[in-house]
Amino acid sequence: MNVKQYSNNVICWLFIGLALVAVSACSSTPNLTDDFISAGVRPPSAQCTVDPRSIADAVSIGNVDGKGACGIRNAWKVSAVGGVAFSTPARIRCQMVGATNRWIGKVVQPAARSAFGERVVKLRIAASYACRGRNNKRGAKISEHAFGNALDVSAFTLASGRVVEVEDGWKSGGRQGAFLKQVHGKACGTFTTVLGPNADAAHRNHFHFDLGKHGRSGKGKYCR
């Protein structure tokens with residue numbers, strides 16, 4: 001090997017080394033995991049003003065620890081709220097139990113009686129605690145589900161056994177459409193984030209409710 005070939009080989013290996021360093025630096029960015037961005041995020045407070053057992057079929061499960069920023073402080077496994085059963089137990093934080101109870105009592109049941117002349121007896125739970133990014137997108141900001149601070153509902157079962165599904169009923173018109181739009185629209189008085197079929201394709205088949213903080217004051221609301 002002559003001097004020129006040796007020099008070229010050294011330069012090539014130098015560039016390869018720099019490239020590997022750059023890739024390593026990108027893959028170890030501190031704010032981005034393989035799943036979501038959680039930089040600067042603080043889990044919600046564990047404080048609660050109402051004992052969930054007084055308003056729900058709920059069992060305390062302490063704190064739930066998850067990857068990175070994920071986890072629930074003062075977590076509860078909830079099978080029913082305000083006399084309304086859940087299709088599957090939800091793991092949510094204490095304050096979400098109270099908020100869901102208020103929404104059911106002040107919004108859902110009056111809307112059901114107005115539209116159908118009967119009460120709701122069950123909610124189909126599409127999601128509760130899950131350590132993931134928003135809308136299950138890789139590299140997205142961390143979801144409120146990752147703190148047990150959110151609940152997804154995809155259907156309502158009435159006392160007669162009739163099931164009102166978000167996906168089928170939202171644009172159906174008539175009593176189903178009126179009921180779903182009322183329980184969605186008025187939920188913004190209780191939750192800070194309310195998303196439904198008009199928000200985006202990811203919510204075409206369910207309502208998303210959470211108590212995340214919005215705006216500089218943390219008291220803003222985002223309802224779509």
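**Rings, pairs and charges**

I began with a charge: Arg224 lies over the face of Tyr222, 4.3 Å from the ring centre. I count a charge as over a ring if NZ of Lys or CZ of Arg is within 6 Å of the ring centre and within 35 degrees of the ring normal. Lys181 is placed over the face of Trp170, also with 4.3 Å to the ring centre.

A note on what I am reading: this is a predicted model, where local features need pLDDT of at least 70 and side-chain atom pairs count only at pLDDT 80 or more, while totals for chains, interfaces and linings use all residues. Residues are numbered from 1 along each chain as its sequence is written, and side-chain values use heavy atoms, leaving out hydrogens and water.

Next I searched the whole structure for aromatic pairs and found nine. Rings of Phe, Tyr and Trp (its six-membered ring) pair if their centres lie within 6.5 Å; planes under 30 degrees apart are stacked, over 60 edge-to-face, the rest tilted.

I looked up Phe116 and Phe179: their ring centres are 5.4 Å apart and the planes stand at 65 degrees, so I logged the pair as edge-to-face. Both Phe116 and Phe179 are buried (under 20% relative accessible area, with exposed over 50%, partly exposed in between, 1.4 Å probe, protein chains only).

Then came Trp170 and Phe207, with centres 5.7 Å apart and planes at 75 degrees, so this pair is edge-to-face. Trp170 is buried at 6% relative accessible area, and Phe207 is buried at 0%.

Last, I noted one aromatic cluster, whose members include Trp103, Phe156, Phe191 and Phe209.
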